[in-house]
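These are my notebook entries on a single structure. I record what I looked up, entry by entry.

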Amino acid sequence: MKAIGTIIILSILTSVVNAEEHQIPTAPQEYLDMQNPIQQSEIDEQFLKRVGRLYKRKCSKCHGKKGDGKGYHAESIEIKPAAFSNHGYMISRKDGQLFWIMLNGSEGTEMVPVGPDSDVGLSEEKLWELVTYIRHEFTK
Ligand code: HEC
């Protein structure tokens with residue numbers, strides 16, 4: 001009985017530590033060096049409406065309508081979604097990093113790949129548009 005108790009306590013401790021120590025994997029340098037092909041001049045009301053609809057449909061249940069990482073689904077998951085509204089965090093992220101995570105997902109979390117080869121199937125252009133949208137709308 002004692003042994004089982006110890007095992008239970010140990011596994012609770014391990015899962016707490018794992019969640020705290022988790023870090024989003026860093027993209028390879030070639031991705032970090034990438035330039036977002038979307039030009040600032042392309043960002044107009046129509047762009048924001050169009051990409052905003054895509055974000056709402058595919059991303060907001062976790063990342064939240066306001067990009068604060070507090071979507072309705074976020075409560076029930078252990079490793080929390082990134083908060084795009086966290087300015088200090090987002091200036092440390094390169095566009096290519098965000099793009100790479102969208103392409104590949106983050107293993108062991110609910111961030112699944114959403115790029116052209118995934119079930120979600122967004123084109124690379126759409127991914128860059130989402131990077132642009134996220135920064136423009138949420139990171140103030
Ligand atoms: C089911 C929940 C869920 C959905 C839906 C989701 N994400 Fe995520 N996302 C996460 C989680 C969880 C993380 C944090 C991963 C980690 O900590 O390793 C994350 C992280 C990210 C990051 C952070 C990358 C970084 O390096 O900081 C980006 C960018 C991102 N998601 C974009 C998106 C986009 C765009 C969509 C919609 C197309 C989307 N996500 C949909 C759960 C989700």
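Are Tyr 55 and Phe 138 buried or exposed? I found that Tyr 55 is buried and that Phe 138 is buried as well; buried stands for under 20% relative accessible area, exposed for over 50%, and partly exposed for what lies in between (1.4 Å probe, protein chains only).

Basis of the entries. I note that this is a predicted model, in which local features need pLDDT of at least 70 and side-chain atom pairs count only at pLDDT 80 or more, while totals for chains, interfaces and linings use all residues. Residues are numbered from 1 along each chain as its sequence is written, and side-chain values use heavy atoms, with hydrogens and water left out.

Entry on the overall chain. I looked up the secondary structure and found 7 helices and 0 strands in the protein chain. Helices (H or I, at least four residues) and strands (E, at least two) are DSSP runs, numbered from the N terminus. Read from the N terminus, the elements run α-α-α-α-α-α-α. The protein chain has 140 residues, of which 36% count as buried. Among its contacts with a separation of 6 or more, 58% come from residues 24 or more positions apart, a contact being heavy atoms within 4.5 Å.

Entry on aromatic pairs. I found 5 aromatic pairs in the structure. Rings of Phe, Tyr and Trp (its six-membered ring) pair if their centres lie within 6.5 Å; planes under 30 degrees apart count as stacked, over 60 as edge-to-face and the rest as tilted. Tyr 55 and Phe 138 are tilted, because their ring planes stand at 55 degrees, with the centres 5.1 Å apart. This pair links distant parts of the chain, since Tyr 55 belongs to helix H3 (residues 45–58) and Phe 138 to helix H7 (residues 124–138), 83 residues apart. I also noted one aromatic cluster formed by Tyr 31, Phe 99 and Trp 128.

Entry on the nonpolar core. Which residues touch the most other members of the largest nonpolar core? Of its 28 residues, they are Tyr 55, Phe 84, Phe 99, Met 102, Leu 127, Leu 130 and Ile 134. Such a core is a set of buried Ala, Val, Leu, Ile, Met, Phe, Trp, Tyr and Cys residues joined through side-chain atoms within 4.5 Å. Helix H2 (29–32), H3, H6 and H7 each supply at least two residues of this core, and H7 gives the most, with 7 residues. I listed the contacts of Leu 130 beyond four places in sequence: Val 51, Leu 54, Tyr 55, Cys 59, Met 102 and Leu 122. In soluble globular proteins, nonpolar side chains tend to be buried together.

Entry on H6. I found H6 mostly covered, with 8 of its 10 residues buried. The buried residues of H6 include Phe 99, Ile 101 and Met 102. What do the buried residues of H6 pack against? They pack against H2, helix H5 (87–91) and H7. Just after H6, Gly 105 takes a positive phi of about 70 degrees.

Entry on the loop between H6 and H7. Ser 106 is found in this loop and is buried, with a relative accessible area of 6%. Not counting residues up to four places away in sequence, Ser 106 touches His 22, Pro 25, Ile 101 and Met 111. Val 114 has its place in the loop between helix H6 (95–104) and H7, and Val 114 is buried at a relative accessible area of 13%. With the same exclusion, I found Val 114 touching Met 102, Leu 103, Val 120, Gly 121, Leu 122 and Leu 127.

Entry on the iron site. Which residues coordinate the iron atom of the ligand? They are His 63 (NE2) and Met 111 (SD), at 2.0 to 2.1 Å. Donors are N, O and S atoms within 2.8 Å of the metal (3.2 Å for Na, K and Ca); water is not among the atoms, so sites may look incomplete. The site is octahedral, with angles of 88 to 179 degrees among its 6 donor atoms; six donors count as octahedral if opposite donors are over 155 degrees apart and all others between 65 and 115. His 63 lies in helix H4 (residues 60–63) and Met 111 in the loop between H6 and H7, so the pair ties together parts 48 residues apart in sequence. His 63 is buried, at 10% relative accessible area, whereas Met 111 is partly exposed, at 24%.

Conventions. Four donors count as tetrahedral if all angles lie between 85 and 135 degrees; four count as square planar and six as octahedral if opposite donors are over 155 degrees apart and all others between 65 and 115; anything else is irregular.
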